[in-house]
Amino acid sequence: MSMIDRDLRPDAGPAGTASALLTIDLAALAENYRLLAARAGTATCAAVVKADAYGLGADRVAPVLAAAGCRHFFVAQVGEGVALRSILGPGAVIVVLNGAAPGSEATCAIHDLVPVLNDRSQLDGWQGLARRRARRLPAILQVDTGMARFGFAPDEVGALLDRPDALAGLDLRLVMSHLACAGEPDSPVNAAQLSVFRAVRRRLPAVPASLAASSGIFLGPDFHFDLVRPGAALYGIAPQEGAPNPMRPVIGLRARVMQTRSVPAGTPVGYGHAATVARDSRLATVAIGYADGFFRSTAGGAAWFGGVRLPVVGRVSMDSLVLDVTDAAPGTLGPGALVDIVGPERDVDAAAAAAGTIGYEVLTNLGHRFHRVYLGA
Ligand SMILES: *Cc1c(COP(=O)(O)O)cnc(C)c1O
């Protein structure tokens with residue numbers, strides 16, 4: 001009996017009665033970190049743990065990455081950085097991608113967070129604090145090389161650096177940018193952004209540089225520079241469209257059958273009677289719905305049981321959905337059984353594709369009602 005099956009016995013505490021079970025494989029996470037670090041060659045491999053480590057729980061994920069050798073962590077918001085500092089303690093470098101909003105500079109400094117400086121107001125705010133404290137403060141300069149989202153425009157950087165006191169009070173740790181189309185290796189945007197980035201770097205030759213997130217790592221060494229910043233690939237999401245996924249799957253999601261029934265051909269099912277069964281069918285009501293992150297927009301949604309595909313019938317409800325389980329082996333799938341929603345037959349990316357979205361959105365929408373089991377801790 002595997003460890004997880006043992007956890008699922010009815011007498012095994014909360015897991016035995018949970019409506020749905022989310023397993024998060026921390027050993028696979030650590031292995032993914034090591035794989036990405038190896039891919040990055042001589043570049044330092046950081047980890048992006050924004051949005052509560054893409055929904056998987058930064059309090060469990062970040063220490064595992066630290067134990068695997070990661071020293072640099074990226075979050076999006078100052079509040080996430082404060083929480084992460086209390087998880088990791090001193091020593092880890094924690095970077096805030098969105099930077100310090102005016103008024104949050106002191107909080108940033110108290111918790112030893114490194115803000116990304118994305119525009120003039122963030123630069124002025126951080127330099128102002130450095131002046132008042134009479135010491136240099138660590139910072140990262142972001143340049144927008146072609147995404148129109150965050151960072152100084154390349155010509156703004158030029159104008160800025162023409163001023164002799166441009167970087168006064170700053171301990172500039174990194175100059176960074178972000179790729180818009182890294183998931184598509186053939187996109188000409190990648191080479192265009194790389195060339196803009198190289199031009200900006202010539203103005204700051206002594207400052208380490210970072211351009212690649214998960215997908216960028218797989219564009220090759222030209223894109224690695226001094227530090228890479230993967231997020232999604234750590235959590236098992238495929239870094240490149242249309243290519244085999246080199247990452248190990250990290251999450252598994254199983255949901256419990258609450259009720260089964262046999263219905264004759266022609267029976268309408270669920271809200272709006274949006275579907276009608278075509279044959280005499282066996283149906284199972286399963287305790288997972290859109291409130292848990294099973295997208296209502298999913299077309300061709302399905303679960304698996306014993307290697308058999310069980311299609312979703314009709315609309316997804318808030319707390320439940322209905323599966324056609326006619327093809328499951330007779331007598332095997334009764335109330336209490338667990339069906340695979342994300343698992344060996346359908347990974348996160350495939351589940352996302354069925355819902356018309358991306359693996360990132362599936363992970364960050366994982367509900368808070370799941371019983372979470374961390375494996376390999
Ligand atoms: C989210 C983010 C990352 C991580 O991206 P992934 O595609 O998840 O690897 C890296 N850098 C920046 C600036 C980001 O916003």
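Which residues does Tyr 235 touch, not counting those up to four places away in sequence? Let's start there, and keep in mind that this is a predicted model.

So, the list. Tyr 235 is in contact with Leu 29, Val 48, Val 49, Ala 53, Tyr 54, Leu 56, Val 61, Val 250 and Leu 363, again leaving out anything up to four places away in sequence. Now zoom out a bit. Tyr 235 sits in the largest nonpolar core, which has 119 residues, and it's one of the members touching the most others, along with Leu 65, Phe 73, Ile 251 and Val 339. The element giving the most to this core is helix α3, residues 26-39, with six residues. There's also another core apart from that one, made of seven residues, including Val 263, Val 269, Ala 275 and Val 313.

Okay, on to the ligand. It has 14 residues around it, and the closest are Lys 50, Tyr 54, Ser 214, Gly 231 and Tyr 360. For the polar pairs, Ser 214 has a polar side-chain atom 2.5 Å from a ligand oxygen. Lys 50 also puts a polar side-chain atom by a ligand oxygen, at 2.8 Å. With Gly 231 it's a polar backbone atom, 2.8 Å from an oxygen of the ligand. On its own the ligand has 390 Å² of accessible area, and the protein covers 90% of that.

Last stop, Pro 330. You'll find it in the loop between β17 (321-324) and β18 (338-342). Is Pro 330 buried or exposed? Its relative accessible area is 80%, so it counts as exposed. Its C-alpha is 9.9 Å from that of Arg 282, 48 residues away along the chain.

Technical notes:
Residues numbered from 1 in each chain as written. Predicted model: local features only at pLDDT ≥ 70, side-chain atom pairs only at ≥ 80, totals over all residues. Heavy atoms only, no water. Core = buried A, V, L, I, M, F, W, Y, C linked by side-chain atoms within 4.5 Å. Buried < 20%, exposed > 50% of the residue type's maximum accessible area, 1.4 Å probe, protein only. Helix = DSSP H or I, 4+ residues; strand = E, 2+ residues; numbered from the N terminus. Contact = heavy atoms within 4.5 Å. Near = heavy atom within 4 Å. Polar contact = N/O pair within 3.5 Å; in protein donor to acceptor, adjacent residues only side chain to side chain. Areas by Shrake-Rupley, 256 points an atom, 1.4 Å probe, with all protein chains shown as cover.
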